[in-house]
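Subject: Structure handover

Hello,

Here is the structure you will be taking over. Please open it first; my notes follow below.

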Amino acid sequence: MVTVLDNPIIAHKLAQLRDKRTPSGIFRALVEEIAMLMVYEVGREFESYEVEIETPLTSCRVKILYEENFVVVPILRAGLGMSSGVLKILPNASVGHIGLYRDEKTFQPVEYYSKMPPNLGEKILLVTDPMLATGGSAVAALQMLKDKGARKIFFMCIVAAPQGIEKVSAAHPDVPIYTAAIDDGLNENCYILPGLGDAGDRIFSTL
Ligand code: PRP
Ligand code: URA
């Protein structure tokens, strides 16, 4: 299932991300802000729990999230730009890292790092990567997480190509995809069109 977060504020910030004149510092801040806005929308699916608390005046029942149950999982590198935004909203979540890069010739994902907190099967995972292009990286990352026991996963990206959505939906139909936009397709180098270029390079100024 794919949900496009069709919101004027997100669209406004995405427009700035797409603009090639946007410098790295602003680009990084925008990615973080979009992730904050996105997690607000994804959060509609989170289960909240009623507890009793004392206000300064009386007691009352309130609804809370158990933030410790969440694991934010950026796909390195570009996913880090979004995970910092998610962590501003859920500061007590834990963080798992998956290092994957896309081979420049074959476009296949190559794994180079993985470090996860324990008990993934009991956690809610928020996987972040701004770009869903062919879908190879996302499919591999989600499989790695499931192999480690993960069961409840949300995938958050900013720009998705139809090919990537199809590939992830086919391989992981149980993982909902949230994106700010679905673009037209991919160019011959498997970059998203119109897209925003290389997200990792723009976030970390490695162009
Ligand atoms: C980018 C992006 C995704 C992947 C998407 O990462 O952040 O992880 O490509 O492409 P796909 O859907 O075709 O697999 P990249 O390999 O450029 O690594 P980086 O984040 O370290 O720059
Ligand atoms: N990775 C990116 O950073 N951008 C794309 O358009 C495709 C993959």
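Which atom of ligand 2 lies 2.8 Å from a backbone N or O atom of Ile192? It is an oxygen atom of ligand 2. Please keep in mind that this is a predicted model.

A backbone N or O atom of Gly197 is 2.8 Å from a nitrogen atom of ligand 2. For Ala199, a backbone N or O atom lies 2.9 Å from an oxygen atom of the ligand. Ligand 2 would expose 240 Å² if taken alone, and the protein buries 88% of that area.

As for its location, ligand 2 sits in the largest pocket. The residues that surround ligand 2 are Arg102, Met131, Ala133, Cys190, Tyr191, Ile192, Gly197, Asp198 and Ala199. Sorted by class, this shell has 6 nonpolar residues, 1 polar residue and 2 charged residues.

The other item concerns two strands. Strand β2 covers residues 49-54 and strand β3 covers residues 59-64. How do they pair, parallel or antiparallel? The pairing of β2 with β3 is antiparallel and runs over 6 bridges. Between β2 and β3 the chain passes through a hairpin of 4 residues. As a general point, side chains in a regular strand alternate between the two faces of the sheet.

Regards

Terms used:
Residues numbered from 1 in each chain as written. Chains lettered and ligands numbered in written order. Predicted model: local features only at pLDDT ≥ 70, side-chain atom pairs only at ≥ 80, totals over all residues. Heavy atoms only, no water. Near = heavy atom within 4 Å. Polar contact = N/O pair within 3.5 Å; in protein donor to acceptor, adjacent residues only side chain to side chain. Areas by Shrake-Rupley, 256 points an atom, 1.4 Å probe, with all protein chains shown as cover. 1 Å grid on protein atoms, 1.4 Å probe; cavity = no way out; pocket = protein on both sides within 12 Å on 5 of 7 lines; lining within 4 Å. Sits in = over half its atoms within 2 Å of the grid points. Nonpolar A, V, L, I, M, F, W, Y, C, P; charged D, E, K, R; others polar. Pairing = 2+ DSSP bridges.
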